[in-house]
Amino acid sequence: MIFRITLLFIFIAKFFIHAQNFSPTISNLTIDDGISSNVIFSIVQDDIGYLWIGTNAGLDRYDGIKFKHYHNNPFDSTSLSSNLVQHIMQDSRGRLWISTRAGLNLYNRDKDNFTNFVVDESDSDGIPNDDIWHTYETSDEILWLCTRRNGLLRFDTDQNKFNSYRHDGMDLSSIPNDRVTDIIEDNNGKIWVISVLHEKCILNKLQEDRQSFKRINIGELQSSPNVVTKDKNGFLWLGTFDSQLIKFDPASEKYQFFTFSMEKQTVRSITIDRQENIWLGTSDGGAYRFDPDGARFENYPEKFNSESGLSFKTVWDIYEDDKGIVWLGTFGGGVDKIIPEQELFNQDYIYDEKWSMLREVTSFLKLKDGTLLIGTFGNGLFIKRDKSLEQIKPQTINSIELSDNRINKIIIDKESNIWISTVISIIVLDSTLNTVRVIEEGPYATDLSSGTVNDLLPDNQGNVWAATHNGINILRNDTENVTKIFHNKNETNTILRNHVYALFLDSRNIIWIGTAAGLSSLSDDRKSYSHYIADPNGDNSIRNNFITDITEDQNANIWISTFGGGISKIDRDNEKILTFDESIGLADNRTSSIVLGNDSSIWVGTKSGLSKLDLNSNYITNFYDVQGLASNEFSGNAAYKSDDGKIYFGNINGFNSFFPEQLLKGDNGSNLILTNFRLFNRDYSFDHCIEDISKIELTYEQNFITFEFALLDYTFPKKNRYKYKLEGLDPEWIDSGNKNHADYTNIPPGNYNFRVKAANSGNNWSAKELDISLIIFPPYYQSWWFISLMTLLFFLVLFGIYKYRINEIKKLHVLRDNIHKNLHDELGSTLTSINYFARALKNNKTKHAKYLENIITSSDDARERIKDMMWVVNPKNDSVKDLFSRVRRFASDIFEANNIEYEIVMPTVDYDFKVSMQSRQNFWLIIKELIANIIKHSKAGKVKLMIQMNDHDVCIWIEDDGIGFDVQKVKNGEGLKNISSRIKEMNGVMKLDSAEREGTHYNLRFNLNKK
């Protein structure tokens, strides 16, 4: 009996293999992806999250999407000093140091350039050698440089001073050789250096005096170490030239050897990951991972064109990033990326030794006693009780009459009978797992319409519904007859197609039927059908007609998985259909199975991973094989939830089981940064590093911009997703999928905030957003100060116009007052004189001739004054040409009437502008007054009148040959006072020259105001 049990477990062991024995995911980056060269010497991740890669053709910075290259430019002293980058190191201050074949370089992040330290013979404190092999920082922030030919260099970065440790053949305490390969500081502050001695590398300890070295010979074989690292316990681990790993205790100087290959291989790099595994990169054997606890080596060999192996046999550098991804720099194959397993799920693999292949799990059923039935497609039925496992195959002698190894579904009915469907029959078992009935395909009423049964569904009446390749079959355990439902192309109240893949009974006693032609629901009275068919032109429809699985959530919404259209939620109460697909984060649109979790989640098996939809937030989280899935490809209709809430998913390699509420969520602690900003499709240069930019200011003309951003999570960077929004312009978040840039054109001036959210490949959204203030300054004529100035100017102009109008009105009032005064004074006195002479004529008839003459004279004078007034106020006479013409006519008529010889000279330029009423009146009355004085008082026989103009300035000269007068005696005369007053009003001056018997000369200058 014991022997039989032993054989049974040996047999079972052939079929179950835990995922821990499987290699993690390996991928590759080469020059085809953008790296400068496939020869990689060094890899480092900086504190921002960028990955820096040193090659033999330059330095590259990688953000998971694209590479930025840094190369030597002999005409630029701030460029890289050499394209052969041998080592990259980030110090405790966050500074990047790049060791090259031609000097040391410090990366200036703010300016995105380099400070070079190269040989300068004029600088005694400068670097003495250009060929820097390796750079290391000790706890006192001193840099130590390993060189090929010039020993060990000590670099004080605060003083920019280098000191050399060189080999001295006469001093055994000096460094044994000027070729130094590696250096490290132990937990006690001791510095250990690897250098060459007699063509072998040895370990040297720098003594307390910081000047001399103690040589350490490790082992009787005089093993030759090449590289060194340190673990958390303070032990040093050394990789050698002869396929050995050495564990060295720096306190006791004791050591232990581990051989990883029988062939001689040089360890080129060594690092320790977060699990304390030691990684070795070798010159000819790929990479090795060493487990110190189990003292086991695992080799990652060279397997070209294989996803399970490395790209090249020589691994020059190994680096683990902040997510635990291991990066391998190869000497010809580019960079290999190893994503470690995370073991988030319980997993089992079904392996068929006969066919040397993994087998697909299709169905589950967990009984009340804890027994788990597992159906496979090709390996029959497995029965798991606690730690025991039994496999049932057709050739197995057992009470179960399993007719075929290809099982599609396992269910239990109301009477605790177990139903198992295969591709050729249905087997019914009782609660003790003994066969009670086998139903096969055939022409009789007791036979199936098709032996291929894709799904089984127990209803509330004790029936079992079978979805087959030829309609639906309804079976009862108490009768052998089978009720068959077929598609009828001539009716609408029928199933959509005979190929039925999924059945589901919901909480309202409605049966849902998934076919290759759409989804149907059968009413609770089992008489009428409703159909859901994909409409390419409609939003409120399912997205694909191939239905693979169906379930229901707590709110009675129906969920379906489709092969090509993602998953859809049917909200029957609101008559709405909502689809979730790759565009919002689903792992794949080809969904195979779907199940409701107890944690308000929907779980979906796809062809490219497992997706979890949170029903509260509609966020999707994705899981992949590197996190413990037996496979990324899940089986159709193979999701199952047991009574205790545990979920089982079958896939092509086996199955996974888990409690959703206990499942660890994928981490997204990666930096989300702005990687570039483009203006008119050209990179925009800032005065400091772009990752620190929080505000961008542009003019209104700089309105064609591009933001580029990246989530620095390298697990599956092409599956990282982004949403962005320009607050102030975009009303909603824009889901850009994996597109990592946003373009905007013709942005109106204003203040905006550009925000970005990102999700990693597991669709876990970053808690921290990228938030950048964007200010678009308006043109000067739209700026607040210009608008304010123009507003002020506008009101000033209005006020000026107002004041001008007021002044004009005042002037008009003054003019009216003057006219009124003139009319009152002059015309009134004239009319009074006429009245006086008329009365005198009436009373004294002897002097009628004289009085009549006076009346005529007074009336003529009154008529003339009225005529002058009418001419002045008439707007038709406001031209300066009219004014000069009237002066000429008046003067010539007066002089001729008084037999005075005259000469009148007018302006030669044909001026033509409007003159204000006040200026016309003043000008006219001045001329009349001057001519009247000549006529009345000068007794002149000859007069010359000359008028000249310069713009609006008028010059008048009048001279006569009359009797003249004493200016002092007449300057206070009424006529001269009137002339002076009018000239002053027009901002003018008058000069008068006269003497008795010498004639009179008037010189007047004033301004004619425009109308």
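Reader: How many residues does helix α5 have, and what span should they give at 1.5 Å a residue?

Author: Helix α5 runs over residues 917–938, and its 22 residues should span 32 Å at 1.5 Å a residue. The end C-alpha atoms lie 31 Å apart, which agrees with that expectation. Note that this is a predicted model.

Reader: How do I read helix α7 in terms of length?

Author: Apply the rule of 1.5 Å a residue again. Helix α7 (residues 974–985) has 12 residues, for which 16 Å is expected; from first C-alpha to last it reaches 17 Å, close to that value. Asn-987 follows α7, and its phi is positive, near 55 degrees.

Reader: Which residues of α7 are buried, and why do they fall on the same side?

Author: An α-helix has 3.6 residues a turn, so residues three or four places apart point the same way. In α7, the buried residues are Gly-975, Leu-976, Ile-979, Arg-982 and Ile-983. Because they cover an arc of only 130 degrees around the axis, they sit on the same side of α7. Glu-974 and Lys-984, on the other side of α7, are exposed.

Reader: What should I look for in the nonpolar cores, and which residues have the most contacts inside the largest one?

Author: In soluble globular proteins, nonpolar side chains tend to be buried together. Here the largest nonpolar core has 55 residues, and Phe-707 and Leu-774 have the most contacts inside it. Another core, of 38 residues, lies apart from the largest one; among its members are Val-887, Ala-891, Ile-983 and Met-986.

Reader: In what order do the strands of the open sheet run, and which are at the edges?

Author: Strands of a sheet pair through backbone hydrogen bonds, either parallel or antiparallel. This open sheet has five strands in the order β68-β69-β70-β72-β71, with mixed pairing. The edge strands, each pairing on one side only, are β68 (901–905) and β71 (989–994). On average, neighbouring strands are turned by 5 degrees against each other, direction ignored.

Reader: In which sense do β71 and β72 pair?

Author: Strand β72 (residues 1000–1007) pairs with β71 in the antiparallel sense, over six bridges. Tyr-1002 in β72 is the bridge partner of Leu-992.

Reader: Which helix packs on this sheet?

Author: Helix α4 (residues 880–897) does, touching β68 and β69 (942–950). The direction of α4 makes about 175 degrees with that of β69.

How values were computed
Residues are numbered from 1 along each chain as its sequence is written. This is a predicted model: local features need pLDDT of at least 70, side-chain atom pairs count only at pLDDT 80 or more; totals for chains, interfaces and linings use all residues. Side-chain values use heavy atoms; hydrogens and water are left out. Helices (H or I, at least four residues) and strands (E, at least two) are DSSP runs, numbered from the N terminus. The expected span of a helix is 1.5 Å times one less than its number of residues. A nonpolar core is a set of buried Ala, Val, Leu, Ile, Met, Phe, Trp, Tyr and Cys residues joined through side-chain atoms within 4.5 Å. Buried means under 20% relative accessible area, exposed over 50%, partly exposed in between (1.4 Å probe, protein chains only). Two strands pair if DSSP finds at least two bridges between them. Axes are lines fitted to C-alpha atoms, for helices over the stretch in contact, and angles run from 0 to 180 degrees between N-to-C directions. Contact means heavy atoms within 4.5 Å. The arc is that of the directions from the helix axis to the C-beta atoms.
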